[in-house]
Amino acid sequence: MHDAQSSIGDNDRRLEKYRRMQRIRQFETKAEAIHAAGEIPGALHTYAGMEASGVGACMALRPDDYMVGTHRSHGHPIAKGAMLRPLMAELLGKSTGICRGKGGSMHLSDFSVGSLGETSIVGSGGPVAAGAALGAKLQGLDRVALCFFGDGASSEGAIHEGMNLAAVWKLPAIFVCENNRFGMSTPTSDAVAGEHVADRAHGYGIPGVIVDGQDVDAVEQAVREAVDRARAGKGPTLIETKTYRYADHAVNMGRDLTPRGPEHDEWVGRDPIRLYRARLIEEGVGDDALSAIDEAVRQEVADALQYARDSAYPDFEEAFDHVFVDRLPIPADVRAHA
Amino acid sequence: MAKITFLEAIQQAQAEELARDPSVFMMGEDIRCNVFGTTTGFVERFGEERIRDTPISENGFIGAAGGAAMVGMRPIVDATLSSFLYPAMDQICSIIAKSRYIYGGQARLPLVIRSCMFYGNSNAAQHSDRPYAMFMNMPGLKIIAPSDPRDMKGLLKAAIRDDDPVLCFEDGTCWMAKAEVPDDPDFLIPIGKGDVKREGTDVTIIAIAGGVPTALKAAKRLEADDISAEVIDPRTLVPLDRDLILRSVRKTGRAICVDPAHLTCSAASEISATIVEQAFDALRAPVIRVTTPDTHLPFSPHIEKPLYPTVERIVDAARRIVGAPVAPQTV
């Protein structure tokens, strides 16, 4: 397993990693609370506990690199540097939302930071990432495409078809399996044959790397090596981040569907943000500097929520826009009762 | 203007668009070896980077076309046979059809997925599908189903230039048909516009894909009965040219929908419903659908051939709809 003994990157980058993890955690803490109060419709799948996986991976990418994610979609765009206002507005179903109120919690995809979708059909991002990598290659750009997927998705054919295509065509793709130990209520050990998802890389003749998903530096380092390899034209890498989801599959469902074992406390004890904070302090970063980030993020999240609350709901016409490039006509009987 | 086949029309459309736009590229199973004659000379002319043979991995490479389109390419996927789209339903329906919508217009997916409807050749039920109606029920996909070389070339070129995903269903029974096709590299047929293939006054026959030549033969034969049939080819199924169909039915007062696909929830069903909802007052007789019944296609030609819309079935339907005597049933 990849382990980082000390933090990587200059001081600004180290603080940025910490800041992004805090932004995810605080954004979701607020979202969970207002979801419980009924302000966010639909299901809310939180990323808490997995922040180091997303942030470490995205810190190894350039802003113009591509990324495809999953239904557990809040962490990835924030990890890649997205603004919080349009994300929070999306959760509330507002017209200023990143998807104009048509995607919601499972689809917080911000194309301005290189996202090509947070897709809620498990495994379906695999072929998309391979295709984006192919596009970059055909255009002569040195961009890479990173595909986040879960341990559950590792049993989907789409992921394997994407990896095989990327491997056989030596595409600049990185497949990051965020193994959070559960596919909804099913423990990974009941669903995935073999000990590690990363072992499956051998079948494609590509490197398979296992990394401590609670260690943001370790994840960044592993993904950086994969990115270098991809940019050099040597093809894809499969990385498995061993991580843990704190909350149930979706929050506020009334009962916990996830069968927790004795390891639960151990995982929570290795909280990625606390671990990284301790590392930074050990290395001489002042507690004040980190607390100032905490406070700035608190204000940013409060501002995002206020912005979302102040925003209007979409006009009804919006429901008929973006099916195609040209807006669809609205049937008269539907409009009459909208 | 040269006389070319339907397959040559596909080849020309692709070659012209590959030459015109460097973001156009092709991928599919065994396209370099030019199985059907639609990629003749492409590897030599455009290179292996742009003419890509794929693994037998439809969900993978069709989804990859979606990803490539999202980053600015214009892929043409040759999915070979239409039943090979089924393994890719996940990517077609969940990614390609929905990404523009679900992300609020951030994504653009200009891609074409071509597939052949290879029926009537003793290929049995898994290789004889005509599945366009399944995709008509999924918003976000444009669908073309041309019936002659001219429409094939003009529509395919328009599809490649279109900024939305387009499924192109190519009817194998039309492959060898020849017609005059313009050489103009900007010859396009607009997506969403149907065509009157034959004018008439007594009955409108709306026919789809390979149903069109059959309907035209039936219309010719109906002249002997003094029945004047108008034949409409929608050419595009999504968006459907409802105005053209309704105008014709309002003129003739009678409608027959000819569709080589299965009956239930077919394109013929959608067209019939549109006519009944919007031109009921003009109808002088109930609408008739002439389709393949809801059974699978068997291998043995003896029992396969009569299942599709035939000239005889269309002629009978036309006689019935105008109140003329119908030949006794022989099956």
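Let us start with one pair of strands. In chain A, strand S4 (residues 173-179) and strand S8 (residues 237-242) pair in the parallel sense over six bridges. Helices and strands here are DSSP runs, numbered from the N terminus (helices are H or I with at least four residues, strands are E with at least two), and two strands pair if DSSP finds at least two bridges between them. Within this pairing, Cys177(A) stands opposite Glu240(A) of S8(A).

Before going further, a word on the source: this is a predicted model, in which local features need pLDDT of at least 70, side-chain atom pairs count only at pLDDT 80 or more, and totals for chains, interfaces and linings use all residues. Residues are numbered from 1 along each chain as its sequence is written, while chains are lettered from A and ligands numbered from 1 in the order in which they are written.

**The sheet of chain A**

S4(A) and S8(A) belong to an open sheet of six strands with parallel pairing, in the order S2-S1-S3-S4-S8-S7. At its edges are strand S2 (115-119) and strand S7 (208-212) of chain A, each pairing on one side only. From one strand to the next, the twist averages 15°. Angles run from 0 to 180 degrees between N-to-C directions, and axes are lines fitted to C-alpha atoms, for helices over the stretch in contact.

Helix H5 (residues 125-138) of chain A packs on this sheet, touching strand S1 (66-70), S2, strand S3 (145-150) and S4 of chain A. The direction of H5(A) makes about 175° with that of S3(A). Contact between two residues means that their C-beta atoms, placed from the backbone, lie within 7 Å.

How many residues of S3(A) are buried? Six of its six are. A residue counts as buried if 20 or more other C-beta atoms lie within 10 Å of its own, exposed if 12 or fewer, and partly exposed in between, with C-beta atoms placed from the backbone. On one side of S3(A) are Ala145(A), Cys147(A) and Phe149(A), and on the other Leu146(A), Phe148(A) and Gly150(A), all buried.

S3(A) has parallel partners too: three bridges join it to S1(A), and six bridges join it to S4(A). Cys147(A) is the bridge partner of Val68(A), and Phe149(A) has Cys177(A) as its partner in S4(A).

**Two backbone details**

Most residues other than glycine have a negative phi, and most peptide bonds are trans.

In chain B, the peptide bond from Val238(B) to Pro239(B) is cis, with omega near -5°.

**Where the chains meet**

The contact takes 34 residues from chain B and 37 residues from chain A. On the chain B side, helix H3 (58-70) gives the most, with 10 residues.
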